[in-house]
Amino acid sequence: MKHLLTGVSAGVLALVASASIAQELPGKFDGVTIDAKLIGGQQYEALYARIAEWEEATGAKVNVVSKKNHFELDKEIKSDIATGTLSWCVGSNHSSFAPQYPGIYADLNALLPEDEIAAFVPANISASTLDGKLVMLPRAQFDVSALYYQKSLYEDEAKAAEFKEKYGYDLTPPDTWEEVADQAEFFANPPDFYGTQYAGKEEAINGRFYELLVAEGGEYLNADGEPAFNSEAGVRALDWFVNLYKAKAVPAGTTNYLWDDLGQGFASGTVALNLDWPGWAAFFNDPQSSKVAGNVGVKVQPKGSSGTRTGWSGHHGFSVTENCDSKEAAASLVWFLTNEDSQKLEAAAGPLPTRTAVWDFVVQEAEGDAYRQEVLKAFQEAAEHAFPVPQTPSWIEISNAVYPELQAAILGDKSSKEALDSAAEKATEILEDAGEL
């Protein structure tokens, strides 16, 4: 009965809160200032121009107190929690990061109309919900990676003959990670041109290792929640990164790269093959930003030796803090940045939407545009193979402990097995300290 009453009370509160702004979104909040901490980066910035529209419509103001990549933003949020200075209202969030601190965010179910939430793809709402709380509203940044490549490399008959002579199969855009490695080494001509690249630090390298591990038939955590990546499959996965670095098929600085470095690298025309997110699609094909514009091919991500394709995925969103004094205004801003117009704006540059109607709009808009149709086809297929990070609140903390070990193997300081054994020990300690083991 206690649980029933709690549920009824929550329902009443949700109804009251929803009714207060459901009548007319975005609402009126004259004199209110919303402090926000937002993710920054080329593919995320265009949306923020709409903040001025929200300010004009509502009478409120937005004060962006921080704008950083998500790895730095995560550290800042944890510092705010530790020091008790969590006074801002709206923050960028991500499905991989959110499980670490669900307690700091308000339930958006109680702040936004039910029909607005129902307009999102149900799987994205499910992944944004922790312990029954909708802790973030998804933006048009559903992420799963597909393979970008320079088409002209596959149109050179002399190169094709040379490749077949050396490797024994036709030179076509790769469908396996073994083929990616072969072609990356074949195309590489350092320091002027590289076969491929990868983000080599933070969660970025751990996530790429994780998805290649799955493609090799391994698992990151076993059924009991214990680290299991220091396996034969794990060694094969890590060796893929190690061998490409050793062969100088990737840039020497790749262990310091994050996502913007990869995007700029492929756009510079000095990289043949690039596993990357949908948000870069328009950037890569824009002559004003990219030297490979008009020469970009996109296809579903390759598969590993197990026959499984890589597919590490997640999505970005915005959250409202429990400490916010103006939750309704903050929720209105979050809604505005994720509404249909905002999602159409972001999706026009390549990112995948998280509202059902916008998916339909994007498909219709792509008619007659061969490149956009190719992008959509590739990422729709890529999404069929998508899988989330291991379901542990300690994922980011584990990543922070694991990635230096992955770097040590890549740089040749440890063997892959030594690095993974050490990483597994550290991950086990983290899970034990968190009470998960």
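**Pocket notes**

I began with the second largest pocket and asked which elements line it. α2 (42-45), α4 (70-83), α11 (259-267) and β10 each supply at least two residues of its lining. I note that the model is a predicted one.

Next I looked up how much space is there. The second largest pocket holds about 340 Å³. I found 22 residues lining it. Nearest its centre lie Tyr44, His70, Phe71, Trp259 and His316.

I then sorted the lining of this second largest pocket by residue class. I got eight nonpolar, ten polar and four charged residues.

Where does the second largest pocket lie relative to domain 1 and domain 2? I checked the lining against the domain bounds. Domain 1 (33-144 + 313-380) and domain 2 (146-310 + 392-434) both give residues to it, so the pocket lies between them.

I moved on to the largest pocket. Its space comes to about 410 Å³. I found 23 lining residues, and the closest to the centre are Ala123, Asn124, Ala127, Phe142 and His315.

Which element gives the most to the lining of the largest pocket? I found that α6 does, with four residues.

Last, I sorted the lining of the largest pocket by class. I got 14 nonpolar and nine polar residues, and no charged ones. The second largest pocket, by contrast, has four charged residues in its lining.

One element turned up in both searches.

Conventions
Residues numbered from 1 in each chain as written. Predicted model: local features only at pLDDT ≥ 70, side-chain atom pairs only at ≥ 80, totals over all residues. Heavy atoms only, no water. 1 Å grid on protein atoms, 1.4 Å probe; cavity = no way out; pocket = protein on both sides within 12 Å on 5 of 7 lines; lining within 4 Å. Points joined across faces, edges and corners; volume = space filled by probe spheres on them. Nonpolar A, V, L, I, M, F, W, Y, C, P; charged D, E, K, R; others polar. Domains from an automatic or database assignment.
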